[in-house]
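Keep the structure open as you read.

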Amino acid sequence: MSARSGAKGSAGALKDKWKMKKWFSIYSPKVFGEVSLGSTPAFDVSQTMGRKVETTLYDLTGDFSTVYVHLYFKVVRNEGERLFTEFAGHELSRDYVRSLVRRKSSKINKVVDITTKDGFTLRVKTLALTAYRVHREQATTIRKIMEDVVKKTAEGKTFDEFVQEMVFGNLANNIFNEAKKIAPLRKAEIEKSKVLFAPLIKEGKQTVESSAPGSG
């Protein structure tokens with residue numbers, strides 16, 4: 001058999017193998033309306049568990065003002081050929097964060113690890129931008145405020161409730177209102193989050209332990 005005919009045979013085998021795969025529809029978590037996120041191929045539904053999906057808040061809500069909010073979901077269960085995901089983290093686009101920074105002002109970050117009242121652990125990166133450059137003592141106080149607000153919010157809310165507060169801006173607004181008492185602020189944001197640990201999920205036909213997306 002010639003090299004050319006061998007290559008054709010190999011390509012045909014790959015094509016036939018691809019045809020054997022099923023397409024499974026993916027949906028966002030209930031807290032995000034179980035919106036369609038497209039589909040993914042697999043020979044068996046078990047192969048889809050743990051797959052990551054990236055989208056934007058704009059894609060889910062239709063609100064173009066949130067196009068810079070990138071969301072990461074993870075497939076955790078199925079109902080037949082329908083795959084359902086869980087929130088795995090989010091991140092503001094670098095261009096958006098860069099657009100917020102001004103000369104002669106301070107950019108203040110604080111990374112906080114929190115646990116919700118239903119046992120989910122997340123790492124949350126907060127961001128505050130001041131109207132002018134602040135003293136070190138003021139920056140330290142603002143960081144403490146950011147930490148306290150995030151931890152207090154998490155302690156009193158379930159995972160889904162906390163994610164809503166964080167992604168839709170309420171948590172950042174609460175930080176802004178408290179931190180502006182220390183120094184004039186232009187903006188407060190939750191720049192990034194990542195799920196570090198999720199309790200064992202026992203829904204549908206699969207049982208998996210949810211974990212974080214690959215990004216740090």
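Strand E8 gives the second largest pocket the largest share of its lining, five residues. This is a predicted model, in which local features need pLDDT of at least 70 and side-chain atom pairs count only at pLDDT 80 or more, while totals for chains, interfaces and linings use all residues. Residues are numbered from 1 along each chain as its sequence is written, and side-chain values use heavy atoms, with hydrogens and water left out.

**The pocket**

- The second largest pocket holds about 280 Å³ of space; a pocket is an open set of points on a 1 Å grid where a 1.4 Å probe fits, with protein on both sides within 12 Å along at least five of seven lines, and lining residues have an atom within 4 Å of a point.
- Its lining has 19 residues, and Tyr-68, Phe-168, Gly-169, Ala-172 and Glu-189 lie nearest the centre.
- At least two lining residues come from each of strand E5 (82-92), helix H5 (159-167), helix H6 (170-179) and strand E8 (185-197); helices (at least four residues) and strands (at least two) are DSSP runs.

**Helix H5**

- Buried residues (under 20% relative accessible area) in H5 are Phe-159, Phe-162, Val-163, Glu-165, Met-166 and Val-167.
- After H5 comes Gly-169, with a positive phi near 100°.

**Helix H2**

- Tyr-58 sits in helix H2 (residues 57-61).
- Tyr-58 counts as partly exposed because its relative accessibility is 30%, and that class lies between 20% and 50%.

Methods. Grid points are joined across faces, edges and corners, and a volume is the space filled by probe spheres set on the points. Buried means under 20% relative accessible area, exposed over 50%, partly exposed in between (1.4 Å probe, protein chains only).
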